[in-house]
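Subject: Structure handover

Hi,

Here is the structure we talked about. Please open it alongside this email; my notes follow below.

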Amino acid sequence: MILDNAREVTAECLDVRADEVTFTSSGTDAVHRGLLGLHRGRARIGSRVLLPGVEHSSVLHALDWTGAPCTEIPVPLTGRVRVADVLAAREAQQDPVALAVLQTGNHEVGTLQPVAEVAAALADLDIPLFTDACATMGRLPLPGGWAVAAGSAHKFGGPAGIGLLLVRNRARWRNPFPTDDRLDVRTSGFENVPAALATAAALRASLAEAETVGARQRALVERIRAVAATWPDVEVVGDPDERLPHVLTFSALYVDGEALVDALEREGFSVGSGSACTASTLTPSHVLAAMGVLTHGNVRIGLEPGTTDDQVDRFLAVVPRVLAELRARVGL
Amino acid sequence: MSGVPAKADLELDCLGLLCPFPVIVLGQRYRGVKVGGTIAILADDEAARVDIPAWCRMRGQEFLGEEPWIGPNGHGHRFWIRVCE
């Protein structure tokens, strides 16, 4: 009964039906179940999957696991997919397409995707869309048109280890894993009821303040973007308008990503990076690579709800000095 | 590959250098090439395939293309650039 309550609150927040909501053991699990189940449900029609190269690694790993043929939808420098490119990717294929994948927003560069428009264009071709909504859920309204969606509770302030799988009633979804004889056949094992309840509460709370917090963060990010664009040999990454309110990414020429992250850390700023030099694999971020933007000297900032103007001022003062110092070491 | 000269005005060997060093070498050396001249840069770091075209875009230089390179001790790519300013 408590679980039903959590399901109903979640459904109301996301404007879906309660029987379309499943609590999974993580966001990754929700992506895997959602994507693989939709692929399996379409097995009689085809196997090919259309997707842009900027999707989250959980999507790429799941598709790799199926061995399904994939067609990459090209993206421009902003990372934002164009409907015409989706249709062109479809037309370039002879074999039938099982489904397309498009995230609501990108976790690394903040670019939002035209999910509803792409879903509508694909609906005309009878191709269902899987959307990874992890980056926007709880911050922005869920777009429409998708068949299956996934979210992650800890991304909107909920507990870790719980994900949301949304399967539209009209979607042809089949369990890709062994069935568990339970009420909700889309998952397995006993649901983590307290975590599901906490997820529903966190989602409601996050959405309630999303507009206020988002507007503030958006204004701060806009300021950082404008100033960062004036720094020499720096490229501000991601769509300038269609973007997440709290994420900002830029790349600086001639700078080692790890050295930059360390230097900013010493100044009290905790930032991420998509540069190869910060990863053990020596492989640069596949998102930056798909967009064709500079992968080294990359910095990713996620603003907290409480990030202040003063913190932003200090950041804007510190970065050019740090960049100049790091470049001076190599005579540039 | 069309539009690529048989020999570049500046040849840079960045084999074994990890990101961001191939691009740093490019940044240090490209001004020694006259406008309209070409640079060939050999690199085996994976990031170079994204970062060298990105460098051209950010610095206003022309990226002419890349070709696979296989050597005795490994493989990488040779990138061609035309100096524009």
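Start with strand 2 of chain A. A:R48, A:L50 and A:P52 point one way from this strand, A:V49 and A:L51 point the other way, and all are buried. Buried means under 20% relative accessible area, exposed means over 50%, and partly exposed is in between (1.4 Å probe, protein chains only). In a regular strand the side chains alternate between the two faces of the sheet. Strand 2 of chain A covers residues 48-52, and five of its five residues are buried.

Some ground rules. This is a predicted model: local features need pLDDT of at least 70, side-chain atom pairs count only at pLDDT 80 or more, and totals for chains, interfaces and linings use all residues. Residues are numbered from 1 along each chain as its sequence is written, chains are lettered from A and ligands numbered from 1 in the order in which they are written, and side-chain values use heavy atoms, with hydrogens and water left out. Helices (H or I, at least four residues) and strands (E, at least two) are DSSP runs, numbered from the N terminus.

Strands pair if DSSP finds at least two bridges between them. Strand 2 of chain A pairs in the parallel sense with strand 3 (residues 70-73) of chain A, over four bridges. There, A:L50 stands opposite A:T71. The chain gets from strand 2 to strand 3 of chain A through helix 3 (residues 57-66), and this β-α-β crossover is right-handed. Right-handed here means that, with the strands pointing away from the viewer, the path from the first strand over the helix to the second runs clockwise.

Strand 2 of chain A also pairs with strand 4 of chain A, in the parallel sense, over three bridges. A:R48 has A:V97 as its bridge partner, and A:V49 has A:L99. Strand 4 of chain A (residues 97-101) is mostly covered, with five of its five residues buried.

Strand 4 of chain A runs parallel to strand 5 (residues 129-132) of chain A, joined by two bridges. A:V101 is partnered by A:F130. Strand 4, helix 5 (residues 115-123) and strand 5 of chain A make a right-handed β-α-β unit.

**Helix packing in chain A**

Axes are lines fitted to C-alpha atoms, for helices over the stretch in contact, and angles run from 0 to 180 degrees between N-to-C directions. The axes of helix 2 (residues 27-41) and helix 3 of chain A come within 9 Å and cross at roughly 40°. Helix 2 and helix 3 of chain A are therefore oblique to each other. Angles under 35 degrees count as roughly parallel, over 145 as roughly antiparallel, 65 to 115 as roughly perpendicular, and the rest as oblique. The crossing of these two helices is right-handed. A crossing is left-handed if the near helix is turned anticlockwise from the far one by less than a right angle, and right-handed if clockwise.

Helix 1 (residues 2-14) and helix 6 (residues 193-228) of chain A pack at about 25°, with axes 9 Å apart. That makes helix 1 of chain A roughly parallel to helix 6 of chain A. Their crossing is left-handed. Residues of helix 1 of chain A in this contact (heavy atoms within 4.5 Å) include A:I2, A:L3 and A:V9. Helix 6 of chain A contributes residues including A:V193, A:L197 and A:L207.

**The antiparallel sheet**

Strands 8-9-10 of chain A, in that order, form an open sheet of three strands with antiparallel pairing. Strand 8 (234-237) and strand 10 (298-302) of chain A are the edge strands, each pairing on one side only. The twist averages 20° from one strand to the next.

Most residues other than glycine have a negative phi, and most peptide bonds are trans. A:D15 has a positive phi of about 60° although it is not a glycine. A:D15 is exposed, with a relative accessible area of 66%. A:D126 has a positive phi of about 65°, and is exposed at 61%. In chain B, a cis peptide bond joins B:C19 and B:P20, with omega about 5°.

**One buried residue in chain B**

B:I39 is in strand 2 (residues 38-43) of chain B. At 0% relative accessibility, B:I39 counts as buried. B:F79 is 40 residues away in sequence and 8.0 Å away in space, C-alpha to C-alpha.

Best wishes
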